[in-house]
Amino acid sequence: MPSRYSFLIKLLVSTTLISTVPLLFLGVYAFFQSTSTVQTKVNEANVFILQQSQSRVEQILKVVDQVSGRYAETPFVVNSVAKKMEIEDFQDIDLLAKGLLGVQTYELGVKTAELHSIQNKWYIKDGGFYFGTDKTKAAVNLNSAYNSRWLPDSDQAFTGIKLMKAIPSLAAEPKGYLFVRMSSAELAKLLTGGFSTRETMIVDDKMNIIIHSNPERIGQNILSEPWSEELQKAEKTQGYFNSTVSGKPYSVIYNQSRYNNWTYVSVIPLEEAKKESASIGWATLTACVLLLLFAALLSYWASKRIYFPVRNLMEFTMSHSKPSGGRVVVKDELHWIGNQFASLHQSKEQLEGQMKIQSGQLVDYFMLKLFQGELYRSEMEEKAERFQLPVWQSYAVLVLQIDTLAQTRYSLSEQDLLLFAINNIASELIPIPQRIQAMPIGNYQVTLVGSDADNHMELLSEWSALAMSVQNAAEEFLGLKVSIGISRPYTHLFATSQAFLEAKEALQYRIRLGEKAILHLDDLKPKQASRQYYPHHLVSELTQAIVFLDKDKAEELLHQFIQDVLRVESDPNLYRMSFAMLLTDLIRVLYEMGDTGELFSQDHRNEYEQMFGLKTPQEIEAWFKSQMISPMIELTRKRHESSGKSISRSVMDLIHEHYDSDLTLEQCALRLNYSTHYIRRMFRKESGMNFSDYLAGYRHDMAKSWLSGTEMKITEIAERLQYTNAQNFIRQFRKLEAMTPGQYREQKRAEQ
C-alpha cells in the first residue's frame, strides 16, 4: 500500500518550482533589458513605418512615371510634337488632350499635365491648345528630363514636384517634352500616416526639403540642423541615430532611395519612448512579483485539485481489486493505479479478440446503411468513431459499373461474382486508410475514399488516378470494360448518401462519352458560377456598326459576343443576364436613334420574354439578327433617307468641292459617318455608276471647261486634277475625246 499523501507532496513541490523559477529569471531579465529593447524595437518600427511611407510615395511616383512614359513614347505623340499644328488639326489636338487626361489622374495626386512642342512652339495645357511658348516654362532645362527624374518645382505659385520627359526620349535634340506636376500636400499625407508627434520630410541630394509634413518648411535647407552632418556621413542607406535638437533628445530615422537619390527622414522625440520603456520595466518587475505569489497559490490549489481525483481513483481500484498472490511493492498512488489498469487492459485485449470476429460484418452493415442514407447524423458520428473510420479533409464516392458483358466470356448470371472480383481489385489497388470502405451494392461496386489535398484540381486528379488504376486492372485481369462515376468532394461523412447518388448520376453520361469513361459530376454539372462576363467593348463596336449600317460587321460582332460570353464557365442564369444586358443596350440605342415605337412596344416585355425563352446559342444569335440588328439597321437607313438628302447627292457634293484633292471613297464615308461598304452600294444604286467613274468623269468635265475657257497650261490642269504627270492626263483625255487636250483647245477656239 502506498503512503498517504506521498504523491501530493511530490506534485506540490514540482509545480511550485516549475512555475516560480522561470518567472524569477524572466522578471530579472525583463527589468534590465526592457529600456534598451523597447527603444530598439521603437526605432526598428519607425524604420519600417518610414519604409512603408517611402514605398507609398515611390509607388505613386513610379506609376505616374510609367503612365507618362507610355504616353510620351507613343508614335502618335512623337510625330505630333514634330509637326506644326493648326486649328484644322483639331482631331489630333483632341486626341492629344484626351491622352493628357489619362496622364492627369487626380487619384494619384497629379495636378497638371502639359505637352509642349519646342520646334513648332505650341503647347496643350489644362485641356486647351495654345500657340507660342508657355512663359512659365520658357527657362526649363530639358537636360533634366532625359532620365525622367522627379525634381522640385520652382514655380512660386505651386508647391510640389515635377516630372519632365523629353520627346523623343533618346533624341539628342528633343522635339518636345511632357510636363507633369504633383502637389507636395498630397504626398505629405502619405508621409505623416496619422502621426502628429513626428517630423517627416524628403530631402534631395543637396539637402533641400522637397516634401515636409509642415508645408511651411518646403524648400528650406537642413544643413543648419544639428543632425544633418551625421546624416551626410552615414555609410548605410538606411538606419537611425540619436541627436539633440534644442537640448532635447531626438531619434533620426533615415532611408535613402535608389529610385531618385532622395532621402526620407523622420525626426521623433525620445522623451515619450523613454518614459514608456521605464514604465514597462517597473511594470514588468511588479508583474513578476505578483505572478510569483499567484503561481505559488495556483500551484497549491492545482496540486490539490489534481490529487483528489487520483486519490479517489486509487481508493476505487483498491475496493474493486482482487487480492494478489504475492506482495507487490508500490511507490505511490499512480504506481498502484498503473498496475490496476495494466490488469484491466489485459482483460480488454481478450474481449477485443472475441469481437474482431464479428466487427467486419458490423462495419459492412454500417457502411451499407451509410450509402443508402438510413442513418441519423448522431448515430452515424457515434458509429464512425466506434469503428475508427479514418478522418480526411475531403471525401468522395467512386461508383463502378460494368459497361457490358456482350462479347466477353461471362454471362449475366456471373455479374455478382464479377463485382466481388472487381471489389477485391479495388481493395488491393486503393490502400488503407485512403480507402475507407469498398463493397458491392446492387449492380455497382462502391468505394468510399478520402484525401487531405487542399486544391480541388488535386483532389480530382488524385481520385481520377485511383479510378483509372482500377479500370485498367479490371480490363487486364478480367477482360471487362468498366466506367467509374466520381461524386463531388464533400467534407462530412453524413453527406455520403448524397454523394452516392451523385456518382450514380455521373455514370448516366456514358451515353455521351462512350465506354471506359471516368466521369466527374463537377465536370458534367459544374457548380453555380460566381461571376458574370459581359464584353462591353464588343457591345460598343456592335452599336457603332449598326449606326454605320454595316450589317456584316454587326453580325460578326454579335457572333463573337455570344461566343465570348459562353466561353466563360458560369451559371445559365448569368448567361441570360448577359444577353438581357445586350438587349437593354440595343434598346437604349433605339431610343437614342429616336425610335417612337415603330419596332417594339414601350415596355419591351415581349422582347425579353422571347429572349429568355431561347435555349441554344444558335437560336439566340438568329433572334438578335432578325429581331434587333436587321430592324435597327433598317430604321437607321430610313432615318438617313428621310433626312431630305440622299447618300449619292452628299457624295457628289463632296466630289464637286474636293475634286482637285486626293479624294477617296473612304474619306467620304468618314465625313458622312457611314461605312465604306454602305456608301459604295448606295452610290451605285442611286447614281447608276461607281464612285471612281463619277469622280473621273467630273474631273474630265472640269478639264474640258478649263481648256475651252481659260489659258491654264496642260501641265497645270493635270496637276490640279491629281494626275501623276501630264502624259497620263493627255493619254486619258485622248481616250475619252479622240483628240489631245491641245487639239481640243484649238477646236473650241475655232468654234468661238
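This is a predicted model: local features need pLDDT of at least 70, side-chain atom pairs count only at pLDDT 80 or more; totals for chains, interfaces and linings use all residues.
User: Hi! How many residues does the largest nonpolar core have?
Analyst: Hello! The largest nonpolar core has 47 residues. Those with the most contacts inside it are Phe 561, Leu 582, Phe 624, Met 628 and Phe 691.

User: Which elements give two or more residues to this core?
Analyst: They are α14 (536-547), α15 (551-567), α16 (572-593), α18 (617-641), α19 (647-658), α20 (665-672), α21 (676-687) and α22 (691-709).

User: Why would nonpolar side chains sit together like that?
Analyst: In soluble globular proteins, nonpolar side chains tend to be buried together.

User: What is Phe 624 in contact with, leaving aside its neighbours within four places in sequence?
Analyst: Its contacts then are Leu 558, Phe 579, Leu 582, Leu 583, Leu 586, Met 611 and Ile 629. Apart from this core lies another one, of 40 residues, including Ile 60, Leu 96, Val 110 and Leu 115.

User: Switching to strands: how many residues of β12 are buried?
Analyst: Nine of its nine residues, 394-402, are buried.

User: Which ones point which way?
Analyst: Ser 394, Ala 396, Leu 398, Leu 400 and Ile 402 point one way from β12, while Tyr 395, Val 397, Val 399 and Gln 401 point the other way. In a regular strand the side chains alternate between the two faces of the sheet.

User: And which strands does β12 pair with?
Analyst: β12 pairs in the antiparallel sense with β14 (residues 444-451) over seven bridges, and Ala 396 has Val 449 as its bridge partner there. β12 also pairs in the antiparallel sense with β15 (residues 482-486), over five bridges; in β15, Ile 484 is the bridge partner of Leu 400.

Notes
Residues are numbered from 1 along each chain as its sequence is written. Side-chain values use heavy atoms; hydrogens and water are left out. A nonpolar core is a set of buried Ala, Val, Leu, Ile, Met, Phe, Trp, Tyr and Cys residues joined through side-chain atoms within 4.5 Å. Buried means under 20% relative accessible area, exposed over 50%, partly exposed in between (1.4 Å probe, protein chains only). Helices (H or I, at least four residues) and strands (E, at least two) are DSSP runs, numbered from the N terminus. Contact means heavy atoms within 4.5 Å. Two strands pair if DSSP finds at least two bridges between them.
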